[in-house]
Amino acid sequence: MTEFWVSSGHHLVQRTEGGGLAVTDELILAYLARPELTPPPEACAAERALHAALLDAPRRGVTPQEIAAIADPDARENWEVMRAFRDRLLGARSIEAAYLSLVRDGLQGVPSLFVNQLVHLILRNALDGCEDPYVLRAAELFFREQRVTRLDGAALLADAEVIGAREGAAPLSPLVAMLGQEAAHELDVLNDDNAWSYWSRSDAFTMALNLGSSPKSRAALATVIEVWIRHLLNVEVRVAPLERLEDPDWRWFVGLDAEATRIGNALWRGEEITAQEQERLIGLLSLSFADPRDVDARVGDRPLSLLLAMTPEKTLRVKPHNLIVGLPLASNREAA
């Protein structure tokens, strides 16, 4: 089995009998090692004492008084967030269950950094054993912001953090010249000739994805959506890429990001969208349920539409939790 995404931290957790991931002391210690929580040299005694106590016993209770005693207000806020997040993880039967709980509560007070880390870890579990670099690269969209450019009419997606790592440096290739500067390696667009190299660079996020004109890339995104829904909701769906929105009689749609949701709502209301908005729609898919008993009767057997769109600034921020809260599940499936 080929290794990938070591940075997800999957080696720090254990798999439960149900196939989910159990929280371990090692995972909590990894969060405690983050710079936001590691006391700087000028930290007060209360902050240093709290951090040391948790390093010794990561699951110990933390009282409001311990946090209130920290002198730095920013540090107090960081510790409040961390305590709530850690306790949510420890109180759930699995990391997946904790994520579902957070999503269904609206992700209130949870930094996007923590949410993306959970998604990264959950997808590493769900895709364990995957040998298809196209699927793994498409899955990066769920937890890594992308920068989008058009090349011969096709949408190319590259990791936004990688692209922005060295703004102002000399471009390394024509692709980098279009997308921006890359920190350490030249970006390659994933194709059949270079797919083998994904494994050695999966944690560098230095491969671009041709979502516009590569059937394998679009099919890979469909597969990731199917795996995500199956793993978290125990619901079987079939997802297929579309070239265009062919059915104007929508029963339901899910925007996979904020911009797609905004455009989808306008279409839902029967409004005309501008040419610029049409240009921003870079992904269209249909979703159908394998078992009609899983879907709300108001939707019936009609497929759902899934929309993906870049922002006016040509970035893409997928919100995979929209697939959790946005699907029209039958009432008996809502507590899955």
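Mentor: Helix α6 gives the largest share of the lining of the largest pocket, nine residues. (Helices here are DSSP runs of H or I with at least four residues, strands are runs of E with at least two, and both are numbered from the N terminus.) Before we go on: this is a predicted model, where local features need pLDDT of at least 70 and side-chain atom pairs count only at pLDDT 80 or more, while totals for chains, interfaces and linings use all residues. Residues are numbered from 1 along each chain as its sequence is written, and side-chain values use heavy atoms, with hydrogens and water left out.

Back to that pocket. Its volume is about 920 Å³, and 42 residues line it, with Ser-112, Leu-113, Asn-116, Gln-117 and Phe-143 nearest the centre. The elements giving two or more residues to this lining are α1, α6 (112–126), α8 (160–163) and α12 (258–268). By class, you get 21 nonpolar, 11 polar and 10 charged residues. (Nonpolar covers Ala, Val, Leu, Ile, Met, Phe, Trp, Tyr, Cys and Pro; charged is Asp, Glu, Lys and Arg; the others, Gly among them, are polar.)

What counts as a pocket? On a 1 Å grid over the protein atoms alone, a pocket is an open set of points with protein on both sides within 12 Å along at least five of seven lines; a cavity is a set where a 1.4 Å probe fits but cannot get out, and lining residues have an atom within 4 Å of a point. Points are joined across faces, edges and corners, and a volume is the space filled by probe spheres set on them.

Now the second largest pocket, with about 530 Å³ of space. Of its 23 lining residues, Glu-243, Leu-245, Leu-281, Gly-283 and Leu-284 sit nearest the centre. Strand β9 (281–289) is one of the elements that each supply at least two residues, along with α11 (215–233) and α12, and β9 gives the most, with five. The lining splits into 15 nonpolar, four polar and four charged residues.
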